[in-house]
Amino acid sequence: VQLVESGGGLVQAGGSLRLSCAASGNFFAIDPMGWYRQTPGKQRELVATISRHGITNYQDSVKGRFTISRDNAKDTVHLQMNSLSPEDTGTYLCYANVLRADWDPGSMAWGRGARVSVSS
């Protein structure tokens, strides 16, 4: 399975960015799908996830500002990021738990990352 991210970039504090991640390959389903954030000197942290049934989960620091959504028909996940702050700066890694069958607990696949930089 290949995950390809798009979006990201440089924005001023208070601005918005949208990340997208498209999965390709042979699989039964992806559940869940989402984003982690990697910052130098810090552990990789979960930002947001969404199940194939649309159940979402967010890190506390992004609640009310970020919205995750997915298009199951296109195996794509999006992360709309509003009211960005410098603390949101980092590399955003798309991840997917890929199922080979309905009974399969799945295996993790990762994208290469999309850089987000927020200036103050």
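Let's start with Tyr95, which counts as buried because its relative accessibility is 5% (buried means under 20% relative accessible area, exposed over 50%, partly exposed in between, with a 1.4 Å probe and protein chains only). This is a predicted model, where local features need pLDDT of at least 70, side-chain atom pairs count only at pLDDT 80 or more, and totals for chains, interfaces and linings use all residues. Residues are numbered from 1 along each chain as its sequence is written, and side-chain values use heavy atoms, with hydrogens and water left out.

**Aromatic rings**

- The structure holds three aromatic pairs; rings of Phe, Tyr and Trp (its six-membered ring) pair if their centres lie within 6.5 Å, and planes under 30 degrees apart count as stacked, over 60 as edge-to-face and the rest as tilted.
- One of them is the edge-to-face pair of Tyr36 and Tyr95, at 5.2 Å centre to centre with 75° between the planes.
- That pair joins distant parts of the chain, with Tyr36 in strand 4 and Tyr95 in strand 9, 59 residues apart; strands (E, at least two residues) are DSSP runs, numbered from the N terminus.
- Tyr95 also forms a tilted pair with Trp110, with 5.8 Å centre to centre and 40° between the planes.
- Trp110 counts as partly exposed because its relative accessibility is 36%.
- Arg44 lies over the face of Trp110, 4.6 Å from the ring centre (a charge sits over a ring if NZ of Lys or CZ of Arg is within 6 Å of the ring centre and within 35 degrees of the ring normal).

**Strand 9 and its partners**

- Nine of the 10 residues of strand 9 are buried, so this strand is largely enclosed by the rest of the structure.
- Strand 9 runs antiparallel to strand 4, with eight bridges joining them; two strands pair if DSSP finds at least two bridges between them.
- Met33 has Ala96 of strand 9 as its bridge partner.
- Four bridges join strand 9 to strand 10, again antiparallel, and Asn97 is partnered by Met108 in strand 10.
- Strand 11 is antiparallel to strand 9 as well, through three bridges, with Val116 in strand 11 as the bridge partner of Gly90.

**Nonpolar core**

- The largest nonpolar core has 28 residues, and those with the most contacts inside it are Met33, Trp35, Leu79, Met81 and Tyr92; such a core is a set of buried Ala, Val, Leu, Ile, Met, Phe, Trp, Tyr and Cys residues joined through side-chain atoms within 4.5 Å.
- Among the strands that each supply at least two residues of this core are strand 4 (29–38), strand 9 (90–99) and strand 11 (114–119).
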